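I opened the model today to look up a few items of its fold and backbone. My notes are below the display.

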Amino acid sequence: MDSLQTEIPVKRLVLVLLDGLSIAAGRRCMSCLAALDEAGQASYGEASSILPPLSRPAYAALFSGRPPLSNGILHNDFPSLCPAPTIFQKAVNLGLVTAAAAYFWVSELCNRAPFIAERDRITDDANLPISHGIFYSCDAYPDEELFRDAEYLRHKHLPHLLLVHAMGIDFAGHKFGADSREYRDAARTADGLLARYLPLWLAAGYAALVVSDHGMDGEGSHYDATDENRRVPLWLVGEVRNMTRPCRLVEVADLIAAYLRV
Ligand SMILES: [Zn+2]
């Protein structure tokens, strides 16, 4: 990347996807992110996710910038590659380095489907859109381990685009509902992990975009077309905070592409 460095400053971004974080928990429990917002180091806003407000369609929309009806991914149950180019594909096409510590559905959407754990759990292949990956397939995979996986990838590969996809909040929401202390505690845990890692990322020259794919309701579900399921919090941290904040989840891919210039 020396030639890039001599022409324009290299941009690096961590995309943090906090699965299932609602607006209510985002406002109440993410005190570290609120502190950054208050200090002018982050920009907070809220965005509208897709319908149906389910994870696999939302991931596809987030990574490709296309809504479910456009890319054909309308449900969680049908593993397939996202037909539209993802931000990872665009980045790799321009010679940037990509990495992800993420749930295995991300590997299916972006790299290969179906997911074969013995082949895909640890991914190192420069020809794949997510070239370096550590993918988990257990919904109860601890967020703390997940952030360590991401840090391992960051140190080893110095990616221009790193996805950190934590499932702990969604898992607690399904088990206990959005009105529970357990759900809020899972959000607090994620905020604490960001308190630990965001300063390291910023010091290393990264910006960060923290977003959720969908909310959660009191029944422990996020299927219905309600505001509590569909509205999601979004923080732009570091240099990326000066860019126009998206109002819809499908606009996030364009923001990332513009920031990374891909
Ligand atoms: Zn869920």
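The entries that follow cover the sheet, a helix on the sheet, a helix pair and some backbone details.

**Ground rules.** I number residues from 1 along each chain as its sequence is written. I am working from a predicted model, where local features need pLDDT of at least 70, side-chain atom pairs count only at pLDDT 80 or more, and totals for chains, interfaces and linings use all residues. I take helices (H or I, at least four residues) and strands (E, at least two) as DSSP runs, numbered from the N terminus.

**Sheet.** I find an open sheet of eight strands with mixed pairing, in the order S2-S8-S7-S1-S6-S3-S5-S4. I count two strands as paired if DSSP finds at least two bridges between them. S2 (42-48) and S4 (122-124) are the edge strands; each has a single partner strand, so one side of each has no neighbour in the sheet. Neighbouring strands are turned by 15° against each other on average, direction ignored. Inside the order, I looked up S1 (residues 12-18) and S6 (residues 161-166), which pair in the parallel sense over six bridges. Leu 18 stands opposite Ala 166 in S6.

**Helix on the sheet.** H13 (residues 252-260) packs on the sheet and touches S1, S6 and S7 (206-211). Its direction makes about 160° with that of S1. For contact I use C-beta atoms, placed from the backbone, within 7 Å. Axes are lines fitted to C-alpha atoms, for helices over the stretch in contact, and angles run from 0 to 180 degrees between N-to-C directions.

**Helix pair.** The axes of H3 (residues 31-38) and H11 (residues 181-203) come within 7 Å and cross at roughly 50°. That makes H3 oblique to H11, oblique being what is left after under 35 degrees (roughly parallel), over 145 (roughly antiparallel) and 65 to 115 (roughly perpendicular). Ser 31, Cys 32 and Leu 33 in H3 meet Asp 191, Leu 194 and Ala 195 in H11.

**Cis peptides.** Leu 51 and Pro 52 are joined by a cis peptide bond, with omega about -5°. Pro 52 lies in the loop between S2 and H4 (55-64). Ala 113 and Pro 114 are also joined by a cis peptide bond, with omega about 0°.

**Positive phi.** Leu 158, not a glycine, has a positive phi of about 45°. I place Leu 158 in the loop between H9 (143-157) and S6. Arg 261, not a glycine, has a positive phi of about 60° and sits in the segment after H13.

Methods: Two residues are in contact if their C-beta atoms, placed from the backbone, lie within 7 Å.
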